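Let's take a walk through this model together, one neighbourhood at a time. Keep the structure open beside you as you read.

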Amino acid sequence: MHPRVRAIVRPVVLAVNTPIARRRTRSAVSSAAGPLQLEIGGLDPRPGWLVTNVSAVTHHYLDASQPWPIADGGVSLVYADNVIEHLTLDQGRRLMEEAFRCLQPGGVIRLVTPDLRKHVDEYLAGPAAVDSELARAYRDLGVRVEHPVDLVRTPVENFLHHEGYVYDADALATELRRAGFTEVRTCQIGKSEVAALDGLDNRTDEGPAQMALEAVRP
């Protein structure tokens with residue numbers, strides 16, 4: 001679809017679909033036989049998960065920066081892949097606070113997001129950075145990488161991240177603890193000791209661009 005046509009059509013589709021998708025979410029929550037496995041910002045159905053988004057065509061709508069229509073302790077797992085960097089710091093804090101409230105004791109949250117420190121480390125490597133695995137991965141996505149500084153610019157400027165907040169591992173871990181989470185750990189992309197979270201991550205081909213953190217609701 002032409003971008004100009006999409007810009008006209010999207011608000012109409014969003015206005016029509018959102019109330020319907022909100023009702024589907026509430027219905028899925030109320031009819032769940034036990035604690036939910038909740039994915040935020042997901043694009044495709046996933047067996048055993050309630051997959052939510054805020055897109056114009058999402059089947060289940062959930063704005064994760066607002067109060068969730070889920071009871072305390074109604075969730076066993078929360079997973080969000082490349083979502084939190086699109087939220088402001090305050091919005092991200094509300095997401096973590098809602099996740100903490102809704103997770104049952106022992107429940108786990110997994111957040112996957114660009115790691116700004118890794119990008120800075122690549123930049124500091126000098127001219128060779130433009131031929132790194134990370135630079136090649138970004139070029140495959142259509143991002144222009146001609147100078148090492150582009151590897152710092154990209155996670156902030158591209159993909160609408162400038163509207164949100166970009167983290168490094170220390171900052172994200174601090175925010176998770178601030179929300180009340182414990183046992184905060186950095187995981188390998190695509191890997192988890194929690195069986196239901198293992199192998200879920202989408203962007204495993206971006207080398208050191210991504211980080212994954214998990215934390216436990218005590």
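## Around phenylalanine 159

In this predicted model, phenylalanine 159 has a relative accessibility of 31%, so it counts as partly exposed. Phenylalanine 159 sits in the loop between helix 5 and helix 6. Its phi is near 60 degrees, a positive value in a residue other than glycine.

Leucine 160 belongs to the loop between helix 5 and helix 6 as well. Here phi is near 65 degrees, again positive in a residue that is not glycine.

## Helix 6 and its buried side

Follow the chain on to helix 6, which spans residues 169-178 and has Leu172, Ala173, Glu175 and Leu176 as its buried residues. Why do they fall on the same side of helix 6? They do so because they cover an arc of only 160 degrees around the axis. Their packing partners are helix 2 (89-102), strand 4 (103-114), strand 5 (182-187) and strand 6 (210-216).

At the start of helix 6, aspartate 168 brings a side-chain oxygen to within 3.3 Å of the backbone nitrogen of aspartate 170. After helix 6 comes glycine 180, with a positive phi near 115 degrees.

Aspartate 201 is found in the loop between strand 5 and strand 6. Is this residue, aspartate 201, buried or exposed? With a relative accessibility of 7%, aspartate 201 counts as buried, the cut-off being under 20%.

The side chain of aspartate 201 makes a polar contact of 2.6 Å with the side chain of arginine 110. A polar atom of the aspartate 201 side chain also lies 2.7 Å from the backbone nitrogen of glycine 190. Leaving out residues up to four places away in sequence, aspartate 201 touches several others, including Tyr79, Asp81, Val112, Gln188 and Ala212.

## Salt bridges

Side chains of opposite charge can pair when their charged atoms come close. The model has a count of 13 salt bridges. One of them pairs glutamate 146 with arginine 144, at 2.6 Å from N to O. Glutamate 146 is partly exposed, with a relative accessible area of 45%, whereas arginine 144 counts as exposed at 60%. Elsewhere, salt bridges with shared partners connect Arg110, Arg185, Asp201 and Glu214 into one network.

In another salt bridge, the closest N and O atoms of glutamate 98 and arginine 101 are 2.8 Å apart. Glutamate 98 and arginine 101 are three residues apart in helix 2, so about one helical turn separates them. Glutamate 98 is buried at 13% relative accessible area, while arginine 101 counts as partly exposed at 24%.

## Glutamine 37 in strand 1

Glutamine 37 is part of strand 1, residues 36-40. A polar atom of its side chain lies 3.2 Å from the backbone oxygen of glycine 48. Setting aside neighbours within four places in sequence, the contacts of glutamine 37 include Trp49, Leu50, Ser76, Leu77 and Ala196.

Valine 149 is located in the loop between helix 4 (133-140) and helix 5 (150-157). Its relative accessible area is 44%, so valine 149 is partly exposed.

Notes:
Residues are numbered from 1 along each chain as its sequence is written. This is a predicted model: local features need pLDDT of at least 70, side-chain atom pairs count only at pLDDT 80 or more; totals for chains, interfaces and linings use all residues. Side-chain values use heavy atoms; hydrogens and water are left out. Buried means under 20% relative accessible area, exposed over 50%, partly exposed in between (1.4 Å probe, protein chains only). Helices (H or I, at least four residues) and strands (E, at least two) are DSSP runs, numbered from the N terminus. The arc is that of the directions from the helix axis to the C-beta atoms. Contact means heavy atoms within 4.5 Å. A polar contact is a pair of N or O atoms within 3.5 Å; within protein, one must be able to donate a hydrogen and the other to accept it, and residues adjacent in sequence count only if both atoms are side-chain atoms. A salt bridge is a side-chain nitrogen of Lys or Arg within 4 Å of a carboxyl oxygen of Asp or Glu.
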